[in-house]
Amino acid sequence: MNMYKPLQGLCLGLALLSLSGCLDNDDDDPVTTPPPTDQSTKVTVTPSLGLIKNADVQLLTLANKQAVEGATGSTGESGSATITVPNGTSGPFIVEVKPTSESEYFDESKGQFMALPASTTLRAVMATLQEQVGVTTLTEIAANSIISANVSDADSVNAVNEQIKKALAPALDNILQVPQLVSENAAGSINNDQAGIYAATLAGLAKLGESQDNPAIAILNSLKADFLDNVLDGKVGDKAFENPIYNADTFVADLSSQITAYANSFGVSALSADIAGIFSLDEIKKTLEGLDDILKDLDLDDLNFDFIPGGLLPGGGDDDDDDQDNDDTTPTLTITGTSTTAGISVNLPEIKLENIPAPNPEDLAEIEKQIKSQIESQGITVSDFSFKLVSADETKVVVSVQYTISTQGVTSTSDLTYTWMPGYSGDNDDSDDDGSDSLPDALKSKSFTLTFTMSESGSSYSDGQVVQFTFSGSGALFIDPDPDANNGSEITIDEFEKDGEKYIYEDEERGFKYEVSVLDGKFHEINLSTLEGGTFLGQFTEKATDGSIPNLELVTAFANTYAVTGDGHSRNTVIIESDGTIDFDSGVSFAPSMIVEIFDRRSIENEPRIQINYGNDDDGPVIMLFLNSDQQSIKMIQYRNNGENIDIVTTVVSATGAN
């Protein structure tokens, strides 16, 4: 299963990049960073995973890892410590945060203060002394590579810090700057400036580790190990994480999404509005460039990785040999183009993202729709949007992307080219067996807005929830659990298995199976069940919005007066009117306006039937019309109401006359 979510996040970021120059230079809210000084005697150290209380801070020289005499302090309750450095002390320097028994940090994923584990390592490496320095997840990732590789010169220190910034926080001026200290998740708690950007970035990273007991620390430890080989791939060299806490393939999109969500939830209104120019989400990437020579002395075999959540799997073996053989076919998306604002055009920096497979050209229309919805969901006006296929074969897929966006009175036009290499290939191991399977016309390139009913425990959907299902021409299924939010599909399943007139999509990530039924050449329903065990969890069906009742014709086709027999039935006749009214017995009659749902169960071989629900679930009033094998006549009529312990089954003796 491949997700198109990274494409949405990427295009959103690209659209926003074109405004970054205008919005970042807002004179009403200037962003300043204290300039570094070579011989400052006092340095204010502000560590942050969220605000960190009561931690000790010390300064060491990078060359010999020796503590600088007297250069120590404590963050206390404020979260900052001022240390004094003797004049004449030369760098580069390591700033180290050391937990105490009273240390706590505010975890922005959990939304609460938590004990800072004694094993936590949090450092920053700076080439020269500066008056203020932040020590964060990003600085620790950089510091871990610098110290592990025995790097000691100032130029190399600056280069590593810059690459970590470009990879994970391209909107920042410098990862050594001080972030805003967050001690609560509350609306308006994030400022619209560089410090606020930094805080939202750290929060987005923490959110990726939300499954862990200490999310911010777990993501820190995973990322700093992952980046040691200069690429974020869920591995350290050839050893994969045994229990990864993030998906390396979708990391860029996931982080972009978390940053955006956090800023919109807890930032001031200006920050949410300016998110385009501020965050430059398009530049987040998974590789560090130009550091091979700087980190050439780093020997992964000499390092201890006990800090990685879940540990590492053994490396080597046939699988790794195969990976090496396939290095030249790593799917890569390259983005180039120009952006024009106020009549001035600039060439955008080339962006390359690995492990982004080429889309099926037949799905481009749906992908275009998702991208446009994603941009518009941020309150940005989009016009002249174009997402056109230029060429497609097995070597590459090229798409032209053009659009104009407007926000805060600024209009920008982008002209981009997306190039995926290698291109799209529909071949797979099962092609000989099921290559002929394709969706029927009833589903292909169609979209259905369905309502979920009969929800069972374990379902991720609730009764009455409206969900949009879109089937692409190639057979992919796009699911939008909240179409009113207008933010694009959230679930994409590329492949299906055909079983008679049923088309089965498996969502392996979430553990669900969607069974799509087609009956008499028309879309019928979608049943949701668990992947393991096949437990039924509920059903998606169409509800008419024009006042009509879906499937009512199934009932009216049997309009008649039926002579019946059965225990508990007093009148011995059941009447089905031509408008769909069912008069079951004296005092038991149901008008069409009372119908909640009509279920077509004619495909059930041993008991073909039509089920009419007059309540919100199967425990309410239900009429069942059981059909003969030819499905042209009724053999039994049942009235059931589990909520009132009523169950009356009648056998049809004859149909006495049409109504």
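Q: Let's start with strand E25 and strand E26: over how many bridges do they pair?
A: Two strands count as paired if DSSP finds at least two bridges between them. Helices (H or I, at least four residues) and strands (E, at least two) are DSSP runs, numbered from the N terminus. Here E25 (residues 512–519) and E26 (residues 522–530) pair over eight bridges, in the antiparallel sense. Val518 is the residue that stands opposite Phe523 of E26.

Q: What should I keep in mind about the numbering and the model?
A: Residues are numbered from 1 along each chain as its sequence is written, and side-chain values use heavy atoms, with hydrogens and water left out. The model is predicted, so local features need pLDDT of at least 70 and side-chain atom pairs count only at pLDDT 80 or more, while totals for chains, interfaces and linings use all residues.

Q: What is the mean pLDDT of the protein, and where does pLDDT stay under 50?
A: pLDDT is the predictor's confidence in each residue, from 0 to 100. The mean for this protein is 78, and 77% of its residues reach 70 or more. Where pLDDT is low, the predicted coordinates should not be read in detail. Residues 1–34 stay under 50, and the model has 99 contacts for them beyond four places in sequence; contact means heavy atoms within 4.5 Å. Residues 316–328 also stay under 50, with five such contacts.

Q: Which strands stand at the edges of the open sheet?
A: The sheet has nine strands with antiparallel pairing, in the order E22-E21-E20-E19-E27-E26-E25-E24-E23. E22 (491–493) and E23 (497–499) stand at the edges; each has a single partner strand, so one side of each lacks a neighbour in the sheet. From one strand to the next, the twist averages 25 degrees.

Q: At what angle do helix H3 and helix H5 pack?
A: Two packed helices are described by the angle between their axes and the distance between the axes. Axes are lines fitted to C-alpha atoms, for helices over the stretch in contact, with angles from 0 to 180 degrees between N-to-C directions. H3 (residues 137–148) and H5 (residues 194–208) pack at about 70 degrees, with axes 10 Å apart. They are therefore roughly perpendicular (65 to 115 degrees; under 35 is roughly parallel, over 145 roughly antiparallel, the rest oblique). Thr137, Leu138 and Thr139 of H3 meet Tyr198, Leu202 and Leu205 of H5.

Q: Is Asn161 buried or exposed?
A: Buried means under 20% relative accessible area, exposed over 50%, partly exposed in between (1.4 Å probe, protein chains only). Asn161, in helix H4 (residues 154–168), has 6%, so Asn161 is buried. Beyond four places in sequence, Asn161 touches Val125, Ala142, Ile146, Ile175 and Leu176. By contrast, Lys98 of strand E6 (residues 93–98) is partly exposed at 37%. Lys98 is in contact with Ala55, Asp56 and Gln58, leaving aside neighbours within four places.
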